[in-house]
Amino acid sequence: MSRWILAAALLAVAVEVSAVNPAELLDPQDAFRISARALDAHTAVLEFRIATGYYLYRDRFRFETEAGKIIANAELPSGKVKEDPFFGRIETYRDYVRIKVPLSDANIAQKRMRLKVISQGCADIGVCYIPQEQWVEVKLDNASRRESP
Amino acid sequence: MIMRLLLAGAFFSAALSARADEAAVRRVFEGKLRGSGAIETVQKVPWGDLYEVVIRSPEGPVIYYVDGAASVVIVGQAFDAKSGRNFTEERQRKLTAVKWDSLPLQWAITSKRGDGRRKIAILSDPNCPYCKRFEGDLATLDDITVHILPYAVLGPKSTQQAKAVWCSKNRVQAWNDLVQRRVEPQAAPDCDTPVDKLAEYGRSLGANSTPTWFLESGERYSGAMSLDEVRPLLDQASPAKR
């Protein structure tokens, strides 16, 4: 895609927020930027860079394989805990979160992992986003090259 | 009047003829969208020698500007240098507006106070803390009609709760009990409800956040705006009738 097509998607970043409206609110994929890479031969790492004033809920993450199988053993770090009298115990992430996802034998054999990541968050200015689905792909060749220079 | 450019590297140069028409402007975009959107309109702006191009993307309309020679694409917001009027934002709001009469208010949980003259329709999820705040604030206003469109999108629990509210005898009370007081609806969620249809409807509008709300003018907003901000907007969109 052309760079200017992408640039327009990022436009909201640069706009000063005076009141909340659709033109000023970041799109979820810009508020919660995901990247993925291989950490070692058995683990992939997902990183979310979260825009200032935005946060993700720890208990709303879900990870699925290409075949739609839920990956239950991802390692989510502890978030910031808030005891909400209304919604109960809420754990959230701000700024940055790093999640470890173990690779399956099939991933290792195919030297790649494609993963569906579902996340949900809100913005302090007063909105919550619908759950976001993002696909990430990790090529395992790069990791082994990095490990043995 | 100036174009205020907010992003570096947003220029794209295409070697085209010096004097372009709308078709030439269209060609700048064609082939570059790759299914991520479609050109909706191409027209000259009333405030300068530029074309405005509106791309309809899954997230809603996106505005670009192209110079008169169709050689430069500008990504940014245009302000009137004197008054500070934001031309781009005004257009954006027009583009995301709906016709009030087109809203599926037959699927709303409606409450009216006083003469009910100020109207608002809110896509609201029962588990969205900002929806709770916003609706709680609106409940302190007189002369208002509030249409809650139960937009259960934040999780499966929301869907189940919204359906149970809809199946309750007194929907207004069941919704307020749930959203404001965390009292779960007692009805079984097994009647015919519009909850799934509303989820589809909201997505078709690109409403990817809650609360998303509409004034009687059809203008669309997102977020729990403060009462001080929302009151004048309500008055403007629903003026007192004589």
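## Strands in chain A

In chain A, β3(A) and strand β6 (residues 88-94) run antiparallel and are joined by 3 bridges. Leu56(A) has Tyr93(A) as its bridge partner in β6(A). A word on terms: two strands pair if DSSP finds at least two bridges between them. Helices (H or I, at least four residues) and strands (E, at least two) are DSSP runs, numbered from the N terminus.

## Ground rules

This is a predicted model, where local features need pLDDT of at least 70, side-chain atom pairs count only at pLDDT 80 or more, and totals for chains, interfaces and linings use all residues. Residues are numbered from 1 along each chain as its sequence is written, while chains are lettered from A and ligands numbered from 1 in the order in which they are written.

## Around Arg58(A)

Arg58(A) sits in the loop between β3 (54-57) and β4 (62-65) of chain A. Arg58(A) counts as partly exposed because it has 19 C-beta neighbours inside 10 Å; the cut-offs are 20 or more other C-beta atoms within 10 Å for buried, 12 or fewer for exposed, and partly exposed in between, with C-beta atoms placed from the backbone.

Leaving aside residues up to four places away in sequence, Arg58(A) touches Leu76(A), Gly79(A), Glu91(A), Thr92(A) and Tyr93(A). Contact here means C-beta atoms, placed from the backbone, within 7 Å. Gly121(A) is 63 residues from Arg58(A) in sequence, yet their C-alpha atoms are 9.1 Å apart.

## Chain B overall

Chain B has 7 helices and 12 strands, and 37% of its 242 residues count as buried. Its C-alpha trace spans about 70 × 40 × 30 Å along the principal axes. Among contacts in chain B with a separation of 6 or more, 66% come from residues 24 or more positions apart.

## A hairpin and a helix pair

Strands β2 (residues 38-44) and β3 (residues 50-57) of chain B pair in the antiparallel sense over 6 bridges. A hairpin of 5 residues joins β2(B) to β3(B), and Lys44(B) stands opposite Tyr51(B) in β3(B).

As for helices, the axes of α4 (residues 156-166) and α5 (residues 171-181) of chain B come within 8 Å and cross at roughly 150°. Axes are lines fitted to C-alpha atoms, for helices over the stretch in contact, with angles from 0 to 180 degrees between N-to-C directions. So α4(B) and α5(B) are roughly antiparallel to each other, a label for angles over 145 degrees. Gln161(B), Val165(B) and Trp166(B) in α4(B) meet Arg171(B), Ala174(B), Trp175(B) and Leu178(B) in α5(B).

Notes. Two residues are in contact if their C-beta atoms, placed from the backbone, lie within 7 Å. Angles under 35 degrees count as roughly parallel, over 145 as roughly antiparallel, 65 to 115 as roughly perpendicular and the rest as oblique.
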